[in-house]
Amino acid sequence: MRERFGNHLAAVDKGITNHVTFYLFTMRQIPAIPHAAINLLFGLTKMRTWPFYWVSQLGMLAGTLVYINAGTQLAK
């Protein structure tokens, strides 16, 4: 993939190099962006696996709590 889209990915890598965890956390907070698209996008960057995992878990925590609350309210 990098050979084919190298020039486009270089711009993305340059833009998120300094704030990659912030961008990932922010994108995980936006429900309109599919998680599969985020996974693909960040899979093409040079982000390491462990930071990707823990930032994703932290970013999805708020949405998980909202769904849990909604489920308990609907059950009442």
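**Ground rules.** Helices (H or I, at least four residues) and strands (E, at least two) are DSSP runs, numbered from the N terminus. I am working with a predicted model, where local features need pLDDT of at least 70, side-chain atom pairs count only at pLDDT 80 or more, and totals for chains, interfaces and linings use all residues. Residues are numbered from 1 along each chain as its sequence is written, and side-chain values use heavy atoms, with hydrogens and water left out.

**Confidence.** I checked pLDDT, the predictor's confidence in each residue, from 0 to 100. The chain has a mean of 86, and 93% of its residues reach 70 or more. I found the lowest mean among the elements, 70, in helix H1 (residues 2-16). The highest, 93, belongs to helix H4 (residues 49-75).

**H2 against H3.** Two packed helices are described by the angle between their axes and the distance between the axes. Axes are lines fitted to C-alpha atoms, for helices over the stretch in contact, and angles run from 0 to 180 degrees between N-to-C directions. For helix H2 (residues 20-29) and helix H3 (residues 35-43) I noted an angle of about 165° and axes 10 Å apart. H2 is therefore roughly antiparallel to H3 (under 35 degrees counts as roughly parallel, over 145 as roughly antiparallel, 65 to 115 as roughly perpendicular and the rest as oblique).

I then listed who is in contact, meaning heavy atoms within 4.5 Å. H2 brings Val-20, Tyr-23, Leu-24, Met-27 and Arg-28, and H3 brings His-35, Ile-38, Asn-39, Leu-41 and Phe-42. Seven of the residues in this contact of H2 with H3 are nonpolar, two polar and one charged.

**H2 against H4.** Here I noted an angle of about 35°, with the axes of H2 and H4 8 Å apart. The contact draws on residues of H2 including Thr-21 and Phe-25, and on residues of H4 including Phe-52, Val-55 and Gly-59. By class, I have seven nonpolar, four polar and one charged for H2 with H4.

**Single residues.** Is Ser-56 buried or exposed? Ser-56, in helix H4, has a relative accessible area of 4%, so it is buried (buried is under 20%, exposed over 50%, partly exposed in between, with a 1.4 Å probe and protein chains only). Leaving out residues up to four places away in sequence, Ser-56 touches Leu-24 and Arg-28.

Val-20 sits in helix H2 and is buried too, at 18%.

How values were computed:
Ala, Val, Leu, Ile, Met, Phe, Trp, Tyr, Cys and Pro count as nonpolar, Asp, Glu, Lys and Arg as charged, and the others, Gly among them, as polar.
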